[in-house]
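Please examine the sequence and the structure shown below before reading the report. The text is meant to be read with the structure in view.

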Number of protein chains: 4
Amino acid sequence: NDLFTDKEDSDSSLASGSLSIIVLGASGDLAKKKTFPALFNLYRQGFLPPSEVHIFGYARSKMTDDELKDRIRGYLSPSKNATPEVSKDVSNFLDLVKYVSGSYDSDEGFQLLDKEIYKYEYEMNRQEGMSRRLFYLALPPSVYPSVCRMIKLNCMNKSDNGGWTRIVVEKPFGKDLESAEQLSSQIGELFNESQIYRIDHYLGKELVQNMLVMRFANRFFLPLWNRDNIDNVQIVFREDFGTEGRGGYFDQYGIIRDIIQNHLLQVLQAVNPIKDEEVVLGQYEGYKDDPMVPQTSNTPTFATVILRIHNERWEGVPFILKAGKALNSRKAEIRVQFKDVPGDIFKCKKQGRNEFVMRLQPSEAIYMKLTVKQPGLEMSTVQSELDLSYKQRYQGVVIPEAYERLILDTIRGDQQHFVRRDELKAAWEIFTPLLHRIDRGSLKSLPYKAGTRGPAEADALLEKAGYTQTHGYIWVPPSL
Amino acid sequence: NDLFTDKEDSDSSLASGSLSIIVLGASGDLAKKKTFPALFNLYRQGFLPPSEVHIFGYARSKMTDDELKDRIRGYLSPSKNATPEVSKDVSNFLDLVKYVSGSYDSDEGFQLLDKEIYKYEYEMNRQEGMSRRLFYLALPPSVYPSVCRMIKLNCMNKSDNGGWTRIVVEKPFGKDLESAEQLSSQIGELFNESQIYRIDHYLGKELVQNMLVMRFANRFFLPLWNRDNIDNVQIVFREDFGTEGRGGYFDQYGIIRDIIQNHLLQVLQAVNPIKDEEVVLGQYEGYKDDPMVPQTSNTPTFATVILRIHNERWEGVPFILKAGKALNSRKAEIRVQFKDVPGDIFKCKKQGRNEFVMRLQPSEAIYMKLTVKQPGLEMSTVQSELDLSYKQRYQGVVIPEAYERLILDTIRGDQQHFVRRDELKAAWEIFTPLLHRIDRGSLKSLPYKAGTRGPAEADALLEKAGYTQTHGYIWVPPSL
Amino acid sequence: NDLFTDKEDSDSSLASGSLSIIVLGASGDLAKKKTFPALFNLYRQGFLPPSEVHIFGYARSKMTDDELKDRIRGYLSPSKNATPEVSKDVSNFLDLVKYVSGSYDSDEGFQLLDKEIYKYEYEMNRQEGMSRRLFYLALPPSVYPSVCRMIKLNCMNKSDNGGWTRIVVEKPFGKDLESAEQLSSQIGELFNESQIYRIDHYLGKELVQNMLVMRFANRFFLPLWNRDNIDNVQIVFREDFGTEGRGGYFDQYGIIRDIIQNHLLQVLQAVNPIKDEEVVLGQYEGYKDDPMVPQTSNTPTFATVILRIHNERWEGVPFILKAGKALNSRKAEIRVQFKDVPGDIFKCKKQGRNEFVMRLQPSEAIYMKLTVKQPGLEMSTVQSELDLSYKQRYQGVVIPEAYERLILDTIRGDQQHFVRRDELKAAWEIFTPLLHRIDRGSLKSLPYKAGTRGPAEADALLEKAGYTQTHGYIWVPPSL
Amino acid sequence: NDLFTDKEDSDSSLASGSLSIIVLGASGDLAKKKTFPALFNLYRQGFLPPSEVHIFGYARSKMTDDELKDRIRGYLSPSKNATPEVSKDVSNFLDLVKYVSGSYDSDEGFQLLDKEIYKYEYEMNRQEGMSRRLFYLALPPSVYPSVCRMIKLNCMNKSDNGGWTRIVVEKPFGKDLESAEQLSSQIGELFNESQIYRIDHYLGKELVQNMLVMRFANRFFLPLWNRDNIDNVQIVFREDFGTEGRGGYFDQYGIIRDIIQNHLLQVLQAVNPIKDEEVVLGQYEGYKDDPMVPQTSNTPTFATVILRIHNERWEGVPFILKAGKALNSRKAEIRVQFKDVPGDIFKCKKQGRNEFVMRLQPSEAIYMKLTVKQPGLEMSTVQSELDLSYKQRYQGVVIPEAYERLILDTIRGDQQHFVRRDELKAAWEIFTPLLHRIDRGSLKSLPYKAGTRGPAEADALLEKAGYTQTHGYIWVPPSL
């Protein structure tokens with residue numbers, strides 16, 4: 001019950017000593033653009049002290065340490081920031097990096113990797129079993145099982161003398177329930193749950209955590225949080241760009257697997273089967289211009305899906321999940337819309353409903369739409385908002401990049417921002433029947449123009465579900 | 001039930017034609033400093049068109065029209081604003097003013113006054129009974145009855161052919177239940193309730209109206225508004241100045257009559273008798289330096305009083321009324337403090353309770369104190385606030401002076417911002433026993449230093465009543 | 001707020017001394033069948049001590065005291081009960097009765113009546129002004145004004161030295177808002193509200209009072225009593241007999257004026273206008289066989305009317321009023337039906353909703369329909385009821401006739417079971433537009449067979465309003 | 001979420017074919033008095049068809065089949081019931097019984113047992129792996145591990161071809177957390193959870209199940225079920241007899257292990273540690289007269305323990321567990337006491353609070369204590385109850401003995417009335433610290449006289465916890 005306990009508990013395991021970070025797939029795009037830059041930023045902030053940390057790149061390509069370093073150097077700091085101080089840091093950071101070449105399914109490569117890691121650990125004079133090994137799989141899921149087997153057989157920290165071995169994997173975790181469970185089983189036979197760190201679509205997790213705090217740390221939400229008061233809940237992820245060259249990859253997954261499924265991770269109890277009439281799919285015009293996308297593709301780049309939760313608290317309240325690419329704006333938010341005021345003495349229906357909004361993008365904010373008395377002496381009302389714009393309230397607080405934070409969590413052994421196996425399974429159970437219907441083509445994606453709100457049918461679905469848009473209301477961003 | 005209906009109904013009575021505004025006590029301080037300037041501002045905004053309006057001053061002093069005009073001219077516009085345009089307006093406004101001299105208890109003066117008014121109405125070519133007469137009593141309450149009788153006998157609009165006669169009076173309305181009821185009866189025999197406009201301590205009324213809108217125009221307050229969720233309610237009026245030369249007058253009333261009693265006007269159902277142990281009185285050191293204040297004065301300049309409402313919704317919730325003079329700050333607000341979070345998983349008790357605050361002074365704002373997730377990736381919490389600062393949100397909206405607005409309401413026949421007789425009676429019923437105990441000296445005022453928070457005993461009483469102050473929290477005013 | 005206070009207050013007025021009960025219309029049916037028998041029963045129970053009480057009959061017919069006594073004797077006790085003891089009581093009771101003859105609109109008769117009353121009071125050696133005079137108008141409403149004027153002019157208790165004069169009238173009080181207000185005004189100019197006792201359709205009042213106690217004296221109703229939990233409320237008055245010779249009288253009023261309007265007396269805040277589509281009217285076949293009923297009569301003998309209350313607590317909850325004559329059963333009850341269980345884990349929807357029922361007829365009972373675990377070890381559920389059958393629980397408690405009690409209340413000055421003028425007005429305001437539509441014939445009564453449930457359209461209306469009948473459930477009356 | 005699903009699922013496993021019921025400890029008291037009579041009753045009701053069922057007794061004693069049959073025959077039917085028909089049934093039932101002798105820890109005996117079972121199964125012409133074997137351990141827990149190992153090694157149904165092997169064990173399951181977990185582990189290594197049926201103290205389970213249905217199958221409990229409305233909950237098990245010859249056994253466990261711990265099985269989320277000041281222990285005078293009870297025994301025969309649940313719904317509501325032996329009455333009930341009525345207009349506080357009571361013993365009933373209007377015309381109130389007495393409502397429904405039902409559940413594979421391992425563990429975690437303090441003697445049992453309510457300190461504790469007893473209220477059992 002105490003959400004802080006986990007953290008304190010995890011402190012009891014080893015928190016210092018030799019730390020080897022092994023980036024598997026070191027020559028690939030993900031490693032280059034995301035993993036190494038994140039490691040570099042952690043290094044600069046002092047979280048990866050050179051006295052303890054060594055970084056290993058591993059991939060199939062034959063190349064020297066310097067070739068790897070040249071490849072990643074440019075991504076560590078944008079050229080415009082290249083002050084002498086930063087250049088010095090880059091250079092020192094790259095001194096920690098070593099490259100090992102090998103295949104992903106043979107013992108030889110991993111035995112060599114283990115030897116290199118051990119050599120470094122030995123130099124650090126660590127006792128056996130007290131070293132920490134973090135394997136970051138910057139690789140496609142198809143090779144996860146063989147790579148995990150190789151690690152298990154050849155590269156584990158030698159005893160449980162306080163040290164550990166941890167595996168970081170990234171989604172996609174399967175394409176449906178069956179493939180996801182197969183992947184989970186294969187990895188699960190090799191590592192137990194506490195050693196596996198699945199990186200979630202970060203934004204959704206952060207939004208849901210914000211919401212948990214709001215709900216459970218504030219007395220005034222207690223009586224509000226139920227079907228009597230809440231009319232509908234929307235979880236929205238809009239992007240204003242398309243697949244941008246990743247069309248071939250994206251086409252195999254689609255917007256539901258890519259984004260929507262993840263929103264559910266905290267709310268997946270008692271979800272009724274999704275009905276086709278509560279789904280609107282879209283595909284933006286131009287999506288198939290990508291040569292890697294088949295001309296017959298039905299893959300949705302936009303989806304609005306209504307979930308119905310069958311329990312005492314939420315029966316009858318639609319949870320509306322919206323995600324899309326190539327739309328007219330970029331937005332990530334949760335919007336809780338309250339019901340109309342019964343016995344409305346101030347005739348405020350026309351002004352719009354109360355709404356509670358937590359926004360993560362474009363800029364972090366929390367606000368409550370409400371009706372207030374017009375300032376002044378007239379007894380008339382107007383819709384306004386109680387507002388907490390983080391940027392304004394917390395000026396100067398630097399919000400770290402998600403990747404940096406997640407790597408740090410892995411080192412610290414804090415799993416709360418990662419996806420548990422049962423969460424993953426539950427989300428697949430809900431979505432797999434729908435996904436199969438889409439894959440079979442029995443549910444079609446409607447075309448929409450890039451740069452628009454998406455298919456008009458989606459707005460119609462929202463309205464049918466009870467969502468009431470406030471017209472004539474414009475949010476005035478507080479000036480800085 | 002529809003708060004807007006009254007207004008529409010009132011529109012059916014005469015809203016144009018000759019309008020005579022008669023300021024009784026025209027030579028006094030109140031008229032000079034408040035009434036005439038308010039009339040001037042209404043004039044400048046076009047609410048008192050010269051084609052319809054005439055203004056009459058009446059007082060005992062013998063003087064000419066010009067002498068009256070000279071006396072008030074300086075108060076109409078601060079010299080620093082004296083642009084040629086303003087000077088022109090002042091001059092035009094004063095053209096509408098005529099002075100009549102007479103005593104407050106003889107028919108002659110009022111017959112003369114009536115003649116002057118009628119002369120003007122006749123010039124306007126109005127039919128008899130269609131003229132509007134507004135009598136503003138800028139006088140002490142002791143002469144209200146005789147003045148009202150004189151008006152009734154000599155100065156009424158002649159028929160009910162759409163015109164009207166209205167009386168504006170200002171508090172204090174009596175010193176206790178008996179004297180207030182006597183005053184009400186004397187006036188009530190002469191005028192019916194719809195003709196009498198009692199000006200309230202304005203601030204309290206505005207705060208309470210804000211609260212009514214918040215409560216009844218917002219769905220999310222519906223389930224919150226009761227003893228299950230609300231721990232205590234505070235209504236606070238702090239002033240940072242003392243009696244400033246009005247000590248002799250103030251000493252006859254004290255802070256409870258002057259301020260606290262008025263807060264009640266909307267919440268006076270089912271109030272239990274006030275207990276001495278739920279009252280803290282104070283008198284600031286230096287109060288008796290005013291030569292008009294008796295050296296033995298026990299009159300409170302500070303009071304904290306807890307009201308207990310005996311009904312299903314509020315039993316057990318203390319309503320804490322606080323008012324004081326010569327304190328360390330100036331503040332008018334309603335503060336609703338919610339209960340602690342039960343089953344507190346985020347251990348947010350230490351951070352402080354949720355509070356909903358409506359502030360009228362020093363600057364109008366509404367905010368909700370709540371606990372949010374620290375921005376960033378840590379799962380930790382911090383107290384913050386959802387905020388609506390009117391100045392920031394409604395830049396450029398001019399909030400009119402209370403007096404102007406109230407005069408305008410009187411002309412329009414909108415009584416909702418005024419005190420009804422039954423409200424007045426109910427408030428006196430609650431406070432009279434306490435006031436009599438103070439007058440008898442069985443309840444003592446504690447001394448406190450000017451420029452402080454008031455007697456420490458008041459804070460102790462609040463704590464005993466359940467109010468939990470948040471320590472270490474500082475409200476950050478949004479920057480403009 | 002304290003419902004017991006009124007009673008205690010009323011004790012301060014005179015409760016003993018000479019008491020004259022004057023039955024106006026003494027020779028009529030109502031007096032014979034209801035008024036005198038009720039007085040007799042009060043006498044037998046000791047509430048009308050012969051040392052204090054005298055009874056006067058007044059009517060236009062010329063007859064002797066004995067002729068009046070002969071006329072009423074047979075109604076005082078059914079012949080089967082005629083024990084010698086009862087016969088003795090009858091005889092003693094009749095000794096208290098005196099007859100006075102006169103017209104209802106001339107001073108002479110009432111001056112004579114006053115003289116007779118005074119003579120008796122004088123014999124009792126009462127001081128002037130200390131006597132009590134209760135005038136019971138067993139007369140049609142059309143003569144109320146003139147009779148009241150005669151009483152006022154000629155028959156009042158002489159001073160307010162603790163004694164009093166009270167008037168009891170019976171409905172109907174007018175035929176619509178205008179006629180009712182006219183009647184109220186005419187009587188109101190003569191007597192103030194505290195002297196007038198309007199007898200309501202008693203059953204409704206008792207049911208509503210039961211409901212008030214249930215609601216406000218039981219903690220468990222507090223959170224249930226609102227639109228979130230209650231689906232609909234039914235107030236039912238079914239009679240299994242027709243107009244039985246009173247058709248001519250009934251035809252002028254109809255079932256809505258006769259019964260339905262009275263139910264409202266406690267719930268008349270904020271009722272929306274009644275819509276035609278939420279009304280079903282019926283007239284039983286055979287109703288027009290009464291020679292006094294016009295062949296073109298559209299007068300309803302059955303009505304189902306849905307009221308909609310526009311406030312925060314009840315918006316959206318239909319209040320269904322049902323009344324009818326010549327139906328298949330006799331029933332007076334209030335039935336509160338709760339909403340369905342959300343997130344229904346026990347699949348109890350099929351078993352029926354929770355209902356709370358207060359029944360006054362055919363036998364007084366309170367019960368709560370609920371779902372329980374089948375007795376035994378199976379985990380299955382069944383609908384049952386928590387039950388309070390008054391007869392079983394309170395065996396031997398004699399429930400007095402309404403008329404007796406109301407006369408006693410009048411003597412005691414307890415007005416809470418009577419109709420206040422503002423209640424009456426409010427009820428008429430709601431129903432008058434509907435009644436005028438019926439009178440104009442724009443709303444038709446549907447024919448139904450006597451001895452049935454009434455028109456099938458009424459059941460359809462209920463279903464449309466959300467009422468869900470439980471099928472297959474049979475209430476098992478507890479055996480004695 | 002659907003409580004009926006489990007049952008349907010279990011139907012998919014084998015529900016017919018050869019069924020061997022093996023009673024281990026066949027010569028002991030429990031087998032004789034409880035197990036065999038329960039089997040006989042199931043047989044008589046047709047649940048154990050002779051064409052499918054064979055019963056094996058197993059124990060260390062050397063004896064013949066007939067000697068076992070003679071030993072148990074007398075317990076199968078009370079002599080007074082010995083009609084010829086019953087005698088015939090007894091005789092036929094005993095024809096199904098076979099005795100096998102062997103030790104509880106050697107392979108030989110169990111191999112012999114297996115051979116006998118197999119022989120019978122072979123006669124039934126069942127395919128291997130399709131037979132059902134139910135082992136009922138009518139034995140002390142100390143031999144559970146060795147017996148389970150012997151069964152596992154020697155007596156299992158041979159494959160999972162639809163058949164099964166199930167183990168029934170009875171409490172006590174350990175003496176504290178450590179010993180219970182050890183026992184669970186030892187059995188858990190041999191059988192998985194779906195094969196183990198732990199028989200609970202039946203009464204508590206039934207009561208809690210009744211409560212679950214009441215709560216979740218009735219709409220009107222939804223808004224009531226929380227700290228805002230409920231003041232306290234009592235779960236009471238009173239017995240009016242002492243240890244009666246079982247003192248030696250009982251002394252090792254005491255009332256908390258014997259009874260109280262089991263009540264928790266459904267409510268064990270988030271229970272705070274039990275505080276000594278919220279515990280009252282007692283030991284009745286005469287308890288130590290049993291020669292098997294040590295003279296220094298501190299073992300409680302009475303306990304009142306208050307549990308505090310730390311979550312949003314229940315924080316602040318005491319759950320009061322009461323159990324005792326040798327008291328003045330026998331009672332098993334759950335009593336939910338609601339809070340006082342706020343703003344109590346009917347002054348019903350003096351009459352007592354609303355209570356909802358589910359009683360299992362002495363006779364099954366559900367009732368709601370509430371305040372009603374006195375029948376009749378007085379506006380006064382009285383406490384009464386809405387009542388459902390099962391005996392009256394369900395006359396003629398035979399409620400089966402718990403043991404019969406549980407054996408039938410085992411055959412059917414329905415585990416919902418049994419204790420899960422995690423439930424058991426959670427209950428021990430809560431009580432073990434308290435039990436250790438009692439065992440160490442740091443918490444003393446207070447003496448109380450047999451046949452009383454127990455120590456007066458227990459009533460004082462209840463009052464301190466907020467329980468308000470209704471004085472002057474007597475429940476009137478409905479007459480039959």
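Predicted model: local features only at pLDDT ≥ 70, side-chain atom pairs only at ≥ 80, totals over all residues.

Chain A contains 13 helices and 15 strands. Of its 480 residues, 60% are buried. The accessible surface of this chain comes to about 19,900 Å², and carbon and sulfur atoms account for 50% of that area.

Among contacts with a separation of 6 or more, 78% are between residues 24 or more positions apart.

A pair of aromatic rings is described by the distance of the centres and the angle of the planes. Over all chains, the whole structure holds 72 aromatic pairs.

Another edge-to-face pair is formed by Tyr284(C) and Tyr287(C), at 5.7 Å centre to centre and with 75 degrees between the planes. Tyr284(C) and Tyr287(C) are both buried.

## Lysine over a tyrosine ring

In chain A, the charged end of Lys175(A) sits over the ring of Tyr253(A), at 5.8 Å from the ring centre. In chain B, Lys175(B) lies over the face of Tyr253(B), 5.7 Å from the centre of the ring.

## Helix 3 of chain D

Helix 3 of chain D spans residues 65–76 and has 12 residues. From its first C-alpha to its last it reaches 16 Å, close to the 16 Å expected at 1.5 Å a residue.

Which residues of helix 3 of chain D are buried? They are Leu68(D), Lys69(D), Ile72(D) and Leu76(D). These residues lie on the same side of helix 3 of chain D because they cover an arc of only 95 degrees around the axis. They pack against helix 2 (29–44), strand 2 (53–59), helix 4 (84–94) and strand 3 (97–101) of chain D. On the face turned away from this buried side, helix 3 of chain D carries the exposed residues Asp66(D) and Gly74(D).

## Backbone features

Most residues other than glycine have a negative phi, and most peptide bonds are trans. The bond joining Lys171(B) and Pro172(B) is cis, with omega about 5 degrees. Pro172(B) is found in the loop between strand 5 (164–170) and helix 7 (177–188) of chain B. In chain D, the peptide bond from Lys171(D) to Pro172(D) is cis, and its omega is near 5 degrees. Pro172(D) is placed in the loop between strand 5 (164–170) and helix 7 (177–188) of chain D.

Glu244(A) is not a glycine, yet its phi is positive, at about 45 degrees. This residue lies in the loop between strand 7 (230–238) and helix 9 (247–263) of chain A. Is Glu244(A) buried or exposed? Glu244(A) is exposed, with a relative accessible area of 61%. Ala326(B) also has a positive phi, near 55 degrees, and its place is in the loop between strand 10 (318–324) and strand 11 (331–338) of chain B. With a relative accessible area of 6%, Ala326(B) is buried.

Conventions:
Residues numbered from 1 in each chain as written. Chains lettered and ligands numbered in written order. Heavy atoms only, no water. Helix = DSSP H or I, 4+ residues; strand = E, 2+ residues; numbered from the N terminus. Buried < 20%, exposed > 50% of the residue type's maximum accessible area, 1.4 Å probe, protein only. Contact = heavy atoms within 4.5 Å. Areas by Shrake-Rupley, 256 points an atom, 1.4 Å probe, with all protein chains shown as cover. Phe/Tyr/Trp six-rings, centres within 6.5 Å; stacked < 30°, edge-to-face > 60°. Lys NZ or Arg CZ within 6 Å of the ring centre and 35° of its normal. Expected span 1.5 Å × (residues − 1). Arc of directions from axis to C-beta.
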